[in-house]
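The sequence and the model are shown below.

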Amino acid sequence: MCSSRPPQKLRLFPSPRLTAPVSTQLSILDATVARFSPTGAVWLFCGPSPSHAILQSSFVATLNDFPQWAGQLQWSPVRDGGLHTERFGRPMIVYGCDSDPGVEWVISKTEKTLDSIVPSALERVAGNATWIATGFPQTIFLSDTKLALHDLVDYAGLPGMSVQITEFACGGYVIAVKMAHPLADAQSLMVFIHQWASACHGFAKSPMAPPTFNPGKLDSHASGSIDGDVADQSLVDTARLLPLHRFDWWNDAKDPAFPSFLTTTSENSKPPFPREKSKPPLPLSPSTPGPWSTWDFSRPVSHAMLHFTEEQLSSLRATTRESPGCRPDISRLDALLAHIWSAINRARGFSHSDDNVFLNVTLSARTRVQPPLPDSFIGSPIFLTHIRSSGSEASATSLGPTASAIRETLKLFTPEKMGAFLHDAAFESSPQRLWQAFLGHHHTLVTSWLRLNVYDVDFGGGTPRYVHAVMPKMDGCVQVMDSSREIGGVDISLYLDSLAMAKLIQER
């Protein structure tokens, strides 16, 4: 159980603080993720822990390069006929004010030991290389303070970022970070974490490039004029041909299977109605009702960590490339995603089904625009595409067709198509109305943290025993990351209906 001693909380700011307010409208894609769960990760270390003073001073030194994260995340003022950033549902960050909320900094202790929370890397990959992590107590390591716009309404005085340091009874420690998603995706978070760890050692240079915070740079890649009153229909038509779900949160609330706990944020994503009586209703773009009957929230969900060695990954790609009709350019990740999606569909009982199933894949826009944005571009320049297949085809053990479909889908997002997509998204009446993914029995949602070197983080007491990506515990959620250098390979963090999870592990 946790210690009864209450955690210590304070707010941290850059030093010296800015003396003039700065207001920055966030990007077209930042606006689309305002409803997403927070970006976050938990690093668990054996110890010894650096002193609180060193951790805090190095954090502040790092925050000097990310001053916006100590500011106030809020909605941009709405102005009819204004720029694309002045339409409803566009977030902005204001910093350099006396009223800045700062970053929440929490120091906590627990009576638990590191060994009681998570086994070592070697123990996790023993046997069938599967660690059942359902009991991992994610919440005790994360601050319970709400983040700005957590409900799409409240923001005043609420931080956009929180950091909690938790000390184990055994001398180990935990560093956990949680951020409002419009401020940072996983890649942006890791730019900060690597720089903070370097500062903690007194090093001037981080393994990742210095941060680039310029949301307008992403928006500049949108084709056509995005500040006009009407979208370019030819660009809209190009964008709508891309495999992008358009599930509608507003209409879904009428579905009897729609969960009531999601109603509030659905309502909060709507602009005030009615507008001026002389103006027509806001036009809504085409959308699709979410398949809520396929997602049973009452069923228990299990969490497992599946490990794949470098040899297994290379062999999986080689075998897949040799299967009939497979593209010669599929990557190791293509083959791995085809493999895990196939296993999930078999475990869900789709081996002989004609039902459509979907693999939803999170992509970064950084490398898909021209010229590309730097790896250290800060924000959430992400979107989700999908691969659709029949249940029986997606359950096949011959992975060539599925891996090829994944590769073909990813290659669709050329700079030209990205320009059209950004143009279309810039004109949405409310960017939070549409969801490009889904979860539940027919859907799998994948997020990759590969090549972010999450296990190479060292604050002075050695690299972490375990890195936990903060993900919602929901059926069909998949996260991929590189393992520690100690064991190499890749870890898949999988959340799945408990019955299906038991079948998948038995097959593995």
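Is H14 mostly covered or mostly uncovered, and how many of its twelve residues are buried? The structure is a predicted model, and in it H14 is mostly covered, with nine of the twelve residues buried.

**Helix H14**

H14 runs over residues 415-426. From first C-alpha to last it reaches 16 Å, close to the 16 Å expected at 1.5 Å a residue. The buried residues are Met418, Gly419, Ala420, Phe421, Leu422, His423, Asp424, Ala425 and Ala426.

**Ser188 in helix H5**

Helix H5 spans residues 186-201 and contains Ser188. Ser188 has a relative accessible area of 0% and is therefore buried. Leaving out residues up to four places away in sequence, Ser188 touches Trp69, Arg366, Phe377, Ile378 and Gly379.

**Aromatic pairs**

Across the whole structure, a search finds 30 aromatic pairs. One of them joins Phe45 and Tyr173, which count as stacked because their ring centres are 4.7 Å apart and their planes lie at 10°. This pair links distant parts of the chain: Phe45 is in strand E3 (residues 39-45) and Tyr173 is in strand E9 (residues 173-179), 128 residues apart. Both Phe45 and Tyr173 are buried.

Phe59 and Phe192 form an edge-to-face pair, because their planes stand at 65° with ring centres 5.3 Å apart. Phe59 belongs to helix H2 (residues 52-63) and Phe192 to helix H5, so this pair ties together parts 133 residues apart in sequence. Phe59 counts as buried because its relative accessibility is 0%. Phe192 is also buried, at 0% relative accessibility.

**Arginines over rings**

Two arginines lie over the faces of aromatic rings, as listed here.

| Arginine | Ring | Distance from the ring centre |
|---|---|---|
| Arg17 | Phe13 | 3.8 Å |
| Arg35 | Trp249 | 3.6 Å |

Terms used:
Residues are numbered from 1 along each chain as its sequence is written. This is a predicted model: local features need pLDDT of at least 70, side-chain atom pairs count only at pLDDT 80 or more; totals for chains, interfaces and linings use all residues. Side-chain values use heavy atoms; hydrogens and water are left out. Helices (H or I, at least four residues) and strands (E, at least two) are DSSP runs, numbered from the N terminus. The expected span of a helix is 1.5 Å times one less than its number of residues. Buried means under 20% relative accessible area, exposed over 50%, partly exposed in between (1.4 Å probe, protein chains only). Contact means heavy atoms within 4.5 Å. Rings of Phe, Tyr and Trp (its six-membered ring) pair if their centres lie within 6.5 Å; planes under 30 degrees apart count as stacked, over 60 as edge-to-face and the rest as tilted. A charge sits over a ring if NZ of Lys or CZ of Arg is within 6 Å of the ring centre and within 35 degrees of the ring normal.
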